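Q: I would like to learn how to read helix packing and side-chain contacts from a model. Can we work through an example?

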Amino acid sequence: MNRIKEFLAVRRMSQTDLAHQLGKSFNTVNLYAANKVQPPIPVLYKIAEILNVDVRDLLLPNDRITQ
């Protein structure tokens, strides 16, 4: 599980903006932000760089994941 959507809101960045900077489609970024698909590790690092956060901050700790 990731916190991409949270950090997009904090940075006042849209999913479209992130998609352009990543070189991905809006649909792909939307799936990442909605936690329907998890980005590959290299993409997660690029997202962290774009959002100016530590990559670890994008991930939820195991004890916060609800099933």
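Q: In which helix does Asn 30 lie?

A: This is a predicted model. Asn 30 belongs to helix α3, which covers residues 26–33.

Q: Is Asn 30 buried, partly exposed or exposed?

A: Burial is read from relative accessible area, with under 20% counted as buried and over 50% as exposed. Asn 30 has a value of 31%, so Asn 30 is partly exposed.

Q: Which side chain makes a polar contact with that of Asn 30?

A: The side chain of Gln 15 does, at 2.9 Å. Gln 15 sits in helix α2, and its relative accessibility is 17%, so Gln 15 counts as buried. Leaving aside residues up to four places away in sequence, Gln 15 touches Leu 8, Phe 26, Val 29, Asn 30 and Ala 33.

Q: What is the angle at which α2 and α4 pack, and how far apart are their axes?

A: Two packed helices are described by the angle between their axes and the distance between the axes. Here α2 (residues 15–22) and α4 (residues 41–51) pack at about 120°, with the axes 11 Å apart. The two helices are therefore oblique to each other.

Q: Is the crossing of α2 and α4 left-handed or right-handed?

A: The crossing is right-handed.

Q: Which residues of α2 and α4 meet?

A: From α2 come Leu 18, Gln 21 and Leu 22; from α4 come Val 43, Lys 46, Ile 47 and Ile 50. By class, the residues of this contact are 5 nonpolar, 1 polar and 1 charged.

Q: How far apart are Asn 30 and Pro 42 in sequence and in space?

A: They are separated by 12 residues in sequence and by 17 Å in space, C-alpha to C-alpha.

Key
Residues are numbered from 1 along each chain as its sequence is written. This is a predicted model: local features need pLDDT of at least 70, side-chain atom pairs count only at pLDDT 80 or more; totals for chains, interfaces and linings use all residues. Side-chain values use heavy atoms; hydrogens and water are left out. Axes are lines fitted to C-alpha atoms, for helices over the stretch in contact, and angles run from 0 to 180 degrees between N-to-C directions. Helices (H or I, at least four residues) and strands (E, at least two) are DSSP runs, numbered from the N terminus. Angles under 35 degrees count as roughly parallel, over 145 as roughly antiparallel, 65 to 115 as roughly perpendicular and the rest as oblique. A crossing is left-handed if the near helix is turned anticlockwise from the far one by less than a right angle, and right-handed if clockwise. Contact means heavy atoms within 4.5 Å. Ala, Val, Leu, Ile, Met, Phe, Trp, Tyr, Cys and Pro count as nonpolar, Asp, Glu, Lys and Arg as charged, and the others, Gly among them, as polar. Buried means under 20% relative accessible area, exposed over 50%, partly exposed in between (1.4 Å probe, protein chains only). A polar contact is a pair of N or O atoms within 3.5 Å; within protein, one must be able to donate a hydrogen and the other to accept it, and residues adjacent in sequence count only if both atoms are side-chain atoms.
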